[in-house]
Amino acid sequence: MKPSGYYTSGEFAKMAHITIRTVRYYDKENILKPSFVNESGARFYTDEDFAKLQQILLLKYLGFSLDDIRQITIGDLDRSMLKNSLKLQLKLVKDRIEQMELVEKAIEDTTKALEHEQEIDWNQMLNLIHLTNMENTLKTQYENSSNISARIRLHKLYSVNKQGWFPWIYEQCDIRPGMNILELGCGSGALWRENREKLPIGSINITLNDISEGMLRDTKRELEKSLNNNDHIYFTDTKDTSTKDTSTKYFDKAGSKVNSGSSLYMNFHAFDCHDIPYDDDCFDLIIANHLLFYCDDLSKALSEIRRVLKPGGTFICSTYGAAHMKEITTLVQKFNSSIILSADKLYERFGLDNGAELLAPYFSSVTRKIYEDELIVDTAEPLIEYILSCHGNQNQYLLDRYKDFRTYVERKTRKNFHITKYAGVFVCTS
């Protein structure tokens with residue numbers, strides 16, 4: 001006889017639209033045990049069991065392995081682990097969708113070639129899938145701040161240099177009251193969040209730029225969250241106001257108009273650094289943190305930067321060299337030699353070793369400064385997040401082997417994993 005408030009295995013399976021065989025399999029694998037088993041061995045389930053089953057089926061649909069599901073659902077739920085796992089899984093799903101769209105395009109192009117009786121280069125079509133994937137990932141990864149935050153997190157957790165990258169960058173800026181500042185490619189806004197209390201007393205105007213509206217939206221939100229009641233920081237989303245326009249209206253966190261005074265004004269402006277929409281000689285200081293190597297036309301970007309920089313103003317740009325994070329590349333290529341974490345060697349476009357030569361035609365003085373540091377990583381998860389955030393083809397090879405890759409990285413980080421850092425800035429004067 002069935003106990004009151006319980007469901008038989010058959011009823012339980014029917015409710016979830018799965019087979020009894022699946023219910024029994026979850027029982028056997030210790031993923032979902034019945035709440036009651038009678039003397040004859042019949043299994044019975046409750047509404048609470050059904051809620052767990054729905055969670056299991058959702059996680060399975062999202063691509064989690066049974067081992068992952070067991071860890072998440074058995075015992076106390078580790079919400080932090082689940083949140084991070086879901087974020088990683090969402091990225092993998094998005095990358096898979098992108099890859100399938102590329103395959104679709106390759107098939108359509110091949111079909112058109114057949115229809116026009118053109119010769120098909122199958123190797124070229126295969127390369128199109130791989131290379132376009134890397135190119136498109138590079139274009140889309142900065143639509144919001146999630147990928148760049150994954151990189152910052154790894155450095156913040158495991159850097160040997162306790163000063164930190166952004167406090168060191170701030171130290172090079174020599175910010176003074178009355179300055180008009182432009183940060184190109186502001187990323188997550190970490191430079192200002194981490195150095196808020198160091199800003200001098202007096203009116204300072206900072207324009208935070210990124211090509212992505214999504215990135216700026218996330219940045220503004222994070223900066224607002226970091227404020228306390230004593231901060232005099234005001235935000236505006238003005239998109240086309242020249243910095244010489246004294247009529248700019250600034251608003252505080254609550255949206256009320258404020259008057260200029262001893263306060264910090266932050267303007268969020270999305271534009272391409274190849275075409276900076278400001279008058280000549282506007283800014284006392286321009287900052288470009290790990291940006292210039294992404295520029296399609298570096299000479300045009302530098303010409304624009306020089307144009308809007310005041311005479312005697314300072315331009316600070318950071319980059320890295322060939323040895324930077326080289327152990328991570330070795331790590332992933334030992335797991336799968338086909339993985340490329342970057343479609344380009346960005347340091348060859350603008351790096352520590354060639355940057356001074358590239359900057360010299362535009363500035364009267366160029367000084368290189370190296371940030372002394374390394375990473376010692378003893379936990380797999382932040383390193384995996386960093387790898388998945390890269391703009392190469394790694395997710396194409398890690399999608400179906402994520403569990404194996406995680407085990408591999410856990411083994412490598414068990415006794416500390418050392419990572420070389422070779423990064424720094426060029427301090428330029430107009």
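This is a predicted model: local features need pLDDT of at least 70, side-chain atom pairs count only at pLDDT 80 or more; totals for chains, interfaces and linings use all residues.
Colleague: What about contacts between residues 24 or more positions apart?

Modeller: If you take the contacts with a separation of 6 or more, 78% are between residues 24 or more positions apart.

Colleague: Let's look at some strands. Is β5 mostly covered or mostly uncovered?

Modeller: Strand β5 covers residues 204-210 and is mostly covered, with 7 of its 7 residues buried.

Colleague: Which way do the residues of β5 point?

Modeller: I204, I206, L208 and D210 point one way, while N205, T207 and N209 point the other way. Residues on both sides are buried.

Colleague: Which strands are joined to β5?

Modeller: One is β4, residues 180-184, which runs parallel to β5 and is joined to it by 4 bridges. Another is β9, residues 264-270, also parallel to β5, with 7 bridges.

Colleague: What is the strand order in the open sheet of 3 strands?

Modeller: That sheet has the order β1-β3-β2, and the pairing is antiparallel. β1 (7-8) and β2 (36-37) are the edge strands, each pairing on one side only.

Colleague: How many bridges are there between β1 and β3?

Modeller: There are 2 bridges, in the antiparallel sense, and β3 is residues 43-45. T8 has F44 of β3 as its bridge partner.

Colleague: Switching to aromatics. How many aromatic pairs are there?

Modeller: The count comes to 18 aromatic pairs. Take W165 and Y371: their ring centres are 5.3 Å apart and their planes sit at 85°, so this pair is edge-to-face.

Colleague: Where in the chain are W165 and Y371?

Modeller: W165 is in helix α8 (residues 165-173) and Y371 is in strand β12 (residues 365-371).

Colleague: Are W165 and Y371 buried or exposed?

Modeller: Both W165 and Y371 are buried. Another pair is F293 with Y294, with ring centres 4.9 Å apart and planes at 85°, so that one is edge-to-face.

Colleague: How do F293 and Y294 compare in accessibility?

Modeller: F293 has a relative accessible area of 2% and is buried. Y294 is at 24% relative accessibility; buried means under 20%, so Y294 counts as partly exposed.

Colleague: Which residues are in the cluster linked by ring pairs?

Modeller: F293, Y294, Y320 and Y347 are linked into a cluster that way.

Colleague: Now helices. At what angle do α12 and α15 pack?

Modeller: The angle is about 85°, and the axes are 12 Å apart; α12 is residues 326-335 and α15 is residues 380-389. At that angle α12 is roughly perpendicular to α15.

Colleague: Which residues make the contact?

Modeller: From α12 you have I328, L331 and V332, and from α15 L383, Y386 and I387. By class, the contact has 6 nonpolar residues, no polar ones and no charged ones.

Colleague: I also clicked on E304. Where does E304 lie, and what is E304 in contact with?

Modeller: E304 lies in helix α11, residues 298-308. Setting aside neighbours within four places in sequence, E304 is in contact with C273, H274, D275 and I276.

Colleague: Does E304 count as buried or exposed?

Modeller: E304 is at 13% relative accessibility, so E304 counts as buried.

Colleague: Last one, L57. Where is L57 found, and what are its contacts?

Modeller: L57 is found in helix α3, residues 47-61. Leaving out neighbours within four places in sequence, L57 is in contact with A16, I18 and Y26. L57 and A16 are 41 residues apart along the chain, and their C-alpha atoms are separated by 8.9 Å.

Colleague: What does L57 count as in accessibility?

Modeller: L57 counts as partly exposed, at 25% relative accessibility.

Key. Residues are numbered from 1 along each chain as its sequence is written. Side-chain values use heavy atoms; hydrogens and water are left out. Two strands pair if DSSP finds at least two bridges between them. Rings of Phe, Tyr and Trp (its six-membered ring) pair if their centres lie within 6.5 Å; planes under 30 degrees apart count as stacked, over 60 as edge-to-face and the rest as tilted. Buried means under 20% relative accessible area, exposed over 50%, partly exposed in between (1.4 Å probe, protein chains only). Contact means heavy atoms within 4.5 Å. Axes are lines fitted to C-alpha atoms, for helices over the stretch in contact, and angles run from 0 to 180 degrees between N-to-C directions. Angles under 35 degrees count as roughly parallel, over 145 as roughly antiparallel, 65 to 115 as roughly perpendicular and the rest as oblique. Ala, Val, Leu, Ile, Met, Phe, Trp, Tyr, Cys and Pro count as nonpolar, Asp, Glu, Lys and Arg as charged, and the others, Gly among them, as polar.
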